[in-house]
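Work through the exercises below with the sequence and the 3D structure at hand, and try each task before you read its solution.

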Amino acid sequence: MSRTFVMVKPDGVERGLIGEIVARFECKGFKIKEAKLMQIERSLAETHYGEHKERPFFGDLVDFITSGPVFAMVLEGKDAVKNARSLIGKTNPADAEPGTIRGDLAMDVSSNIIHGSDSDESAEREIKLFFQ
Ligand code: RTP
Ligand code: MG
């Protein structure tokens with residue numbers, strides 16, 4: 001068993017999709033170990049997305065992720081990072097397969113409704129950042 005960090009982004013919370021998204025992870029077999037609705041401070045957003053700080057979309061990404069509450073979760077399961085990313089689907093919802101969360105529920109790369117850690121190291125780093 002391993003852990004991953006997942007959060008419903010402000011667009012997903014605003015659209016009332018927390019229940020739908022949590023249900024998909026539970027149906028897959030994940031256990032929810034921690035969960036909270038929270039407002040992300042700008043400094044936390046900049047640290048969380050630090051790997052993208054030189055990218056042209058960084059400012060918009062930080063503005064977006066701090067624009068309203070997010071629903072942050074720690075999920076446990078077999079190959080948690082990989083299984084969660086496969087449920088989530090590709091970064092750009094236009095490329096995400098139907099059946100995935102982004103493929104079914106989003107249309108735009110800048111508001112793609114959910115975040116999932118991309119490696120075990122990122123997962124542990126992000127779990128510490130959000131749930132110390
Ligand atoms: P996330 O970190 O949010 O789970 O998304 P991801 O791993 O699938 O994608 P990543 O490469 O880490 O990018 C982080 C977020 O930046 C936005 N993005 N915009 N305009 C663009 O070309 C672009 N590329 C990435 C997306 O909202 C993505 O989720
Ligand atoms: Mg990422």
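**Exercise 1: The surroundings of the ligand**

Task: Find how many residues surround ligand 1, and describe them by class.

Solution: In this predicted model, ligand 1 is surrounded by 13 residues, and the closest are K9, Y49, T91, V109 and H115. Sorting the shell by class then gives four nonpolar, six polar and three charged residues.

**Exercise 2: Polar contacts and burial**

Task: Identify side chains that place a polar atom within 3.5 Å of an oxygen atom of ligand 1.

Solution: Begin with H115, which has a polar side-chain atom 2.7 Å from an oxygen atom of ligand 1. Next comes R85, where the corresponding distance to a ligand oxygen is 2.8 Å, and then R102, whose polar side-chain atom lies 3.1 Å from an oxygen atom of the ligand. Turning to surface area, ligand 1 taken alone exposes 560 Å², of which the protein buries 78%.

**Exercise 3: Comparing the record with the model**

Task: Which residues does UniProt list for "binding site", and where is K9 placed in the chain?

Solution: The unreviewed UniProt entry lists K9, F57, R85, T91, R102 and N112 under "binding site". Checking these residues against the model, the lining of the largest pocket includes K9, F57, R85, T91, R102 and N112. K9 itself is found in the loop between β1 (2–8) and α1 (10–14). The unreviewed entry also places the feature "domain: Nucleoside diphosphate kinase-like" at residues 1–132, and over residues 1–132 the chain is 43% helix and 20% strand, with its end C-alpha atoms 20 Å apart.

Methods
Residues are numbered from 1 along each chain as its sequence is written. Chains are lettered from A and ligands numbered from 1 in the order in which they are written. This is a predicted model: local features need pLDDT of at least 70, side-chain atom pairs count only at pLDDT 80 or more; totals for chains, interfaces and linings use all residues. Side-chain values use heavy atoms; hydrogens and water are left out. A residue is near a molecule or strand if one of its heavy atoms lies within 4 Å of it. A polar contact is a pair of N or O atoms within 3.5 Å; within protein, one must be able to donate a hydrogen and the other to accept it, and residues adjacent in sequence count only if both atoms are side-chain atoms. Accessible areas come from the Shrake-Rupley method with a 1.4 Å probe; for residues, only the protein chains shown count as cover. Ala, Val, Leu, Ile, Met, Phe, Trp, Tyr, Cys and Pro count as nonpolar, Asp, Glu, Lys and Arg as charged, and the others, Gly among them, as polar. UniProt positions are given in the numbering used here, feature names are shortened, and annotations may be inferred rather than shown by experiment. Helices (H or I, at least four residues) and strands (E, at least two) are DSSP runs, numbered from the N terminus. On a 1 Å grid over the protein atoms alone, a cavity is a set of points where a 1.4 Å probe fits but cannot get out, and a pocket is an open set with protein on both sides within 12 Å along at least five of seven lines; lining residues have an atom within 4 Å of a point.
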